[in-house]
Amino acid sequence: MADCLFCKIVAGEIPSTKVYEDEKVLAFLDINPMAPVHILVIPKEHIPSLDGVNEENAPTAAHCLAVAAKIAREKGIAQDGYRVVTNIGAASGQTVPHLHFHILGGKQLTLSLG
Ligand code: AMP
Ligand code: ZN
């Protein structure tokens with residue numbers, strides 16, 4: 001999608017610090033980390049949010065989750081525990097309308113529902 005920040009990151013038009021990439025998925029460091037490990041996993045395909053996930057693109061969304069779990073193990077946060085979060089729409093605080101899963105870990109997380 002032409003005007004989407006994360007599509008521009010996928011296209012390489014905006015730089016990112018890549019953590020993982022394959023044909024369907026990209027993961028990169030969040031620019032404003034909320035935890036010692038804060039990584040975003042996104043589908044390369046533009047899906048606006050989880051609300052845009054359907055039977056057709058669900059395998060891609062599921063692949064994002066498998067990649068998130070793999071990254072968490074590789075970053076050494078899986079043993080202690082971590083969180084995967086996705087915001088959906090304005091009331092959740094979603095600021096970038098391209099599906100993304102936050103991986104948050106490396107510290108004791110509190111539950112803030114903001
Ligand atoms: P959300 O509020 O769930 O839509 O999350 C969007 C996330 O994208 C925030 O945590 C931002 O810090 C992050 N973000 C925004 N711009 C960039 C960027 N250029 N590179 C990496 N992360 C970004
Ligand atoms: Zn996009």
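This is a predicted model: local features need pLDDT of at least 70, side-chain atom pairs count only at pLDDT 80 or more; totals for chains, interfaces and linings use all residues.

**Around ligand 1**

I sorted the shell around ligand 1 by class and got 8 nonpolar, 7 polar and 1 charged residues.

Next I asked which residues come nearest to ligand 1.

**Polar contacts**

I went through the N and O atoms one contact at a time. Threonine 95 has a polar backbone atom 2.7 Å from an oxygen of ligand 1. Histidine 100 uses its side chain: a polar atom there sits 2.9 Å from a ligand oxygen. With isoleucine 31 it is the backbone again, and I noted an N or O atom 3.1 Å from a nitrogen of ligand 1. Each of these falls within the 3.5 Å cut-off for a polar contact.

How much of ligand 1 does the protein cover? I have 83% of the 500 Å² of accessible area that the ligand has on its own.

**Pocket and elements**

I checked the pockets too, and the space that ligand 1 takes is the largest one. Then I looked up which elements give two or more residues to the shell, and found α1 (5–11) and β2 (25–29). The largest share comes from α1, with 3 residues.

**Aromatic rings**

I turned to the rings last. What describes a pair of aromatic rings? I go by the distance of the centres and the angle of the planes.

My count came to 1 aromatic pair. The partners are phenylalanine 6 and phenylalanine 28, with centres 5.4 Å apart and planes at 80°, so I logged the pair as edge-to-face. Phenylalanine 6 belongs to helix α1 and phenylalanine 28 to strand β2, so the pair ties together parts 22 residues apart in sequence.

Terms used:
Residues are numbered from 1 along each chain as its sequence is written. Chains are lettered from A and ligands numbered from 1 in the order in which they are written. Side-chain values use heavy atoms; hydrogens and water are left out. A residue is near a molecule or strand if one of its heavy atoms lies within 4 Å of it. A polar contact is a pair of N or O atoms within 3.5 Å; within protein, one must be able to donate a hydrogen and the other to accept it, and residues adjacent in sequence count only if both atoms are side-chain atoms. Accessible areas come from the Shrake-Rupley method with a 1.4 Å probe; for residues, only the protein chains shown count as cover. On a 1 Å grid over the protein atoms alone, a cavity is a set of points where a 1.4 Å probe fits but cannot get out, and a pocket is an open set with protein on both sides within 12 Å along at least five of seven lines; lining residues have an atom within 4 Å of a point. A molecule sits in a cavity or pocket if more than half of its atoms lie within 2 Å of its grid points. Helices (H or I, at least four residues) and strands (E, at least two) are DSSP runs, numbered from the N terminus. Ala, Val, Leu, Ile, Met, Phe, Trp, Tyr, Cys and Pro count as nonpolar, Asp, Glu, Lys and Arg as charged, and the others, Gly among them, as polar. Rings of Phe, Tyr and Trp (its six-membered ring) pair if their centres lie within 6.5 Å; planes under 30 degrees apart count as stacked, over 60 as edge-to-face and the rest as tilted.
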